[in-house]
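Please keep the sequence and the coordinates in view while reading.

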Amino acid sequence: MQIYLVILKFTPFFIVAFIIIYDLIDVHFVEPEFSLTMAIIPAALIHVGLAVWLVRIESYIGMLLILLGHAAEITYLVSRIIVLNGSSLLANTLLKNEMVLLAAVGAIFSLSAFITGSMCFVNFRKGLKPVLLGQVQRTRPTSEFENDYHFQRLNHNVVAMPERARRFELD
């Protein structure tokens with residue numbers, strides 16, 4: 001889940017950067033395409049917010065809609081790459097290479113978000129959610145050595161720090 005959340009942070013940057021450059025240089029205020037593509041920016045940001053929330057609460061239906069949103073992002077970016085590399089009037093423009101680069105990187109991040117989101121979806125109800133919420137306490141195995149440096153912070157209980165070890169003191 002952590003990898004999915006990190007990928008979600010990078011994806012909107014490349015999508016928004018591509019859309020702004022594409023709209024201002026290539027589309028250049030031609031309606032209705034300009035308005036529709038500018039509407040993708042708030043939709044992408046809402047998509048990221050919902051993805052973070054829905055993956056944390058492990059909602060099956062919500063996550064299916066989020067994965068559908070990732071597929072739509074990939075489809076849109078691939079279609080714009082095809083248009084920019086075609087022979088139409090939109091392909092003959094300034095900053096074409098930069099737009100293709102931003103669209104390709106955005107599509108790669110969106111594809112990786114789709115793949116990791118699918119893996120999270122498959123692993124719903126099998127992960128660390130009960131442990132992270134403190135519903136399950138970790139039990140110490142009987143074969144484990146008892147010492148002061150034992151790490152048990154998953155249930156968010158504050159553990160008192162042991163006294164300073166003597167090996168760090170100067171004689």
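How many residues does helix 4 have, and how far does it reach from its first C-alpha to its last? Helix 4 has 25 residues and reaches 36 Å, close to the 36 Å expected at 1.5 Å a residue; the expected span is 1.5 Å times one less than the number of residues. Helices here are DSSP runs (H or I, at least four residues), numbered from the N terminus. The model is predicted, and local features need pLDDT of at least 70, side-chain atom pairs count only at pLDDT 80 or more, and totals for chains, interfaces and linings use all residues. Residues are numbered from 1 along each chain as its sequence is written, and side-chain values use heavy atoms, with hydrogens and water left out.

The N-terminal end of helix 4 is capped by Ser59, a side-chain oxygen of which lies 3.3 Å from the backbone nitrogen of Gly62. Such a polar contact is a pair of N or O atoms within 3.5 Å; within protein, one must be able to donate a hydrogen and the other to accept it, and residues adjacent in sequence count only if both atoms are side-chain atoms.

Helix 3 (residues 40–57) and helix 4 (residues 60–84) have axes that come within 10 Å and cross at roughly 145°. Axes are lines fitted to C-alpha atoms, for helices over the stretch in contact, and angles run from 0 to 180 degrees between N-to-C directions. This crossing is left-handed, a term for a near helix turned anticlockwise from the far one by less than a right angle. In helix 3, residues including His47, Leu50 and Leu54 take part in the contact with helix 4, where the partners include Met63, Ile66 and His70; contact means heavy atoms within 4.5 Å. The residues of this contact divide into eight nonpolar, four polar and one charged, where Ala, Val, Leu, Ile, Met, Phe, Trp, Tyr, Cys and Pro count as nonpolar, Asp, Glu, Lys and Arg as charged, and the others, Gly among them, as polar.

Helix 1 also packs against helix 4: their axes come within 12 Å and cross at roughly 40°, again in a left-handed crossing. Among the residues that make the contact are Phe18 and Tyr22 of helix 1 and Tyr76 and Leu77 of helix 4. This contact comprises eleven nonpolar, two polar and three charged residues.

Helix 1 (residues 2–27) holds both Phe18 and Tyr22, four residues apart, about one turn of the helix. Aromatic pairs, of Phe, Tyr and Trp (its six-membered ring), have ring centres within 6.5 Å; planes under 30 degrees apart count as stacked, over 60 as edge-to-face and the rest as tilted. The count comes to eight aromatic pairs. The ring centres of Phe18 and Tyr22 are 5.3 Å apart and the planes lie at 20°, so this pair is stacked.

What follows helix 1? His28 does, with a positive phi near 50°. Phe29, in the loop between helix 1 and helix 2, has a positive phi near 65°. In that loop also lies Pro32, and the peptide bond from Glu31 to Pro32 is cis, with omega near 0°. Most residues other than glycine have a negative phi, and most peptide bonds are trans.

Methods:
Helices (H or I, at least four residues) and strands (E, at least two) are DSSP runs, numbered from the N terminus.
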